[in-house]
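Biologist: Could you take me through one part of this model at close range, and then show me how that part sits in the rest of the chain and the complex? I would enjoy one connected account.

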Amino acid sequence: MTELDNNRLAWIYTEMLRIREFEERVKRSFEEHPGVIRGHTHLADGAEASIVGSIATLKPGDQLTATYRCHGYPLALGTDPKAMMAEIYGRTGGLCGGYGGSMHLVDPERGFLGTSGIVGQGIPHATGAAWAAQIRKRGQVVLSFFGDGASKQGAFAEALNIASLWKLPIVYVMENNSYNVVTRVEQEDANAAAGEPLAVKAKAFSMPGVTVDGGDPLAVYDVVGTAVQRARVGDGPTLVESKVYRLSAHGNIIAPPGVPLHYPEHEAIEVFGNHEEYAAALRGDPVPRFRVRLIEDGVLSAEQADAIASEVRDEMQAAVDFGLASPLPAAERALDHVYA
Amino acid sequence: MSHEIPYIAAIGEAIQLEMARDEDVLYFGQNIATTENDEFLKAFGSDRVRVTPISETAEIGMAIGAALAGLRPVVELYMAEFMLVAMNQVVNEAPRFRYMSGGRVKVPLVLKAGYGFTAGWAGQHTGSIYGMFTGVPGLKVVLPSTAADAKGLMATAIRDDNPVCYFHHYLLTLEHGEVPDGEYLVPFGQAAIRREGGDVTIVATGYMVDKALAAAESLAAEGISAEVIDPRTLVPLDIETILTSVEKTGRLVLVDQATRYGSPAAAIAADVAEYGFSSLKAPIKQVTALDATIAYSEPMEAFVLPDEAKISAAVHQTLGSAPVAA
């Protein structure tokens, strides 16, 4: 892979911080601005290194799809966090005008083709986009992001079979956070139960399968980058299992209107009572971990890292302010966009 | 100028012409283009024409992805029931993307599927299941009944910027008809008045259009003048043409091969009851399939399906008259 210069390393750190800060502001919105966020949100805190390390391998014109846990990708692609927060608040200034909300961010101009809120169902969408890329022969690559739970959906098997058969330019990035909502992966995955990595699933589709520490952006960059290069030259898809630890619960509580929404404790604690697992995850938090590394390697000084963090805090405060100030849509606009 | 070809060939002609006209149009699915002699493969190459595994979720899901990326896929699904394997992609993915994005993306694709193969195909390959899709905002639903419409509606479906479910009737496959040469488009949302009449309006879809026309011919011999309307597209539905006809005739018989409570006839009846009530001189009659799975054995299969006699009987009921003994 191309060596990352100091500017690029600082960019990776900045993007990781932006995702973390954005997600913390989404989470804090439930307390600071009750009722502003409706329905369900899903945060990417803990997956920042995996997201940014993956997206750092892309070139202009490349594309990606993701899941309902979708706030991280557009931030790293350059989507305006003001428009994203306004979307999560259901406002006219939102990225999608308030039609989609937290689970359905999309920014086609930056290559983010969309998300499915239904587990596993976006995998064929990415695969179809990769077919389009193959037909157009412009060297485009598509990244398909999904979770470990999605790998038990038929859509996963069907799409990976065709992608390998047709040598499509796609990389499947499975973010394995060890939990399907509140079910542990060993409880629902035969490979995990047998003590094998989930990347072995690739063997069934005759494509490479690689497991990587998703908490290390440079390891992710290396593994996804190799897979992207393989896809770009026409050698076909790769399944990357990126092992991450989601630091928040699956989502905010599911409750009918009238019950204030909030984020419960992570399932390790809330459901399984496993405080040590969660404490270990916090000790391995990818964001401070990468900060320490960059400072040790002389890429950034502590003062520079602090300055980045300060700028990011200001940027996300402005996103919250913009979202709150943006008006709610006129009700009758609900009938727009049903058909093109 | 026109030429006479079978209904199924008219569909293929439209796909061929659209693929020649627009290089973004793709055609793929199960059991097509498996040899180099395939006419689509020869004409358009293996980038745009591909056989797929038996993987409906991937086929339809990939069509959505290719459409999001700017192409116009036509998915060959063979039988409408195969869509049920991929119901999430049809109902909860394809028609949602444009809306959820606030209009930032579009999903132009065509799902081509045969239906209603009531010729001994038993319970799982004979359904008239389009009613499952007509209530899904964002989907369009097309039901051609003639070779010319089969061509013109397919061409329009491919050029439409929305997901379109194109349902062709298996029993019409080899029915010949005059088809206009060259580019031919039939607009969505414009019903065809197949026969004009003043005593009763018969609205029939798909294969039932011919049955309704046959019934109208017999009724004419009894001095009853029936108007026969073919909506051609269920979404968008040309309710105006139906209401205008009912205003003239005062009587409405709805004929559909779908089961009664899963039939678009029920929605048309509701619209006419709501918006055309003052025109009605008699209760609306629905001649649909009876609410049962289609049996394999012929007498049982025929028993549940609408036919010419059932249509004529319904017309007589709306007129308060007795059928003339044969």
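Modeller: Happy to! Let's begin with B:Met208, which touches B:Val255, B:Asp256, B:Gln257 and B:Pro306, leaving aside residues up to four places away in sequence. Please keep in mind that this is a predicted model. B:Met208 belongs to helix α9 of chain B, which covers residues 208–221. Is this methionine buried or exposed? B:Met208 counts as buried, because it has 32 C-beta neighbours inside 10 Å, and the cut-off for being buried is 20 or more.

Stepping back to the whole of chain B, 77% of the contacts between residues at least 6 apart in sequence join residues at least 24 apart. The chain has 13 helices and 14 strands, and 54% of its 326 residues count as buried. Its C-alpha trace spans about 60 × 45 × 40 Å along the principal axes. The radius of gyration of chain B is 20 Å, which agrees with the value near 20 Å for a compact globule of 326 residues.

As for the partner chain, 33 residues of chain A are in contact with 35 residues of chain B. On the chain A side, the elements giving two or more residues are β2 (112–116), α5 (122–136) and α6 (154–165). Helix α5(A) supplies the largest share of that side, with nine residues. Sorted by class, the chain A side has 18 nonpolar, 13 polar and two charged residues.

Finally, a word on confidence. Chain B averages a pLDDT of 97, and 99% of its residues score at least 70. For the complex, the predictor gives an ipTM of 0.96 and a pTM of 0.96.

Methods: Residues numbered from 1 in each chain as written. Chains lettered and ligands numbered in written order. Predicted model: local features only at pLDDT ≥ 70, side-chain atom pairs only at ≥ 80, totals over all residues. Contact = placed C-beta atoms within 7 Å. Helix = DSSP H or I, 4+ residues; strand = E, 2+ residues; numbered from the N terminus. Nonpolar A, V, L, I, M, F, W, Y, C, P; charged D, E, K, R; others polar. Rg over C-alpha atoms; globule rule 2.2 N^0.38 Å. Buried ≥ 20, exposed ≤ 12 C-beta atoms within 10 Å, placed from the backbone. pLDDT = per-residue confidence, 0-100.
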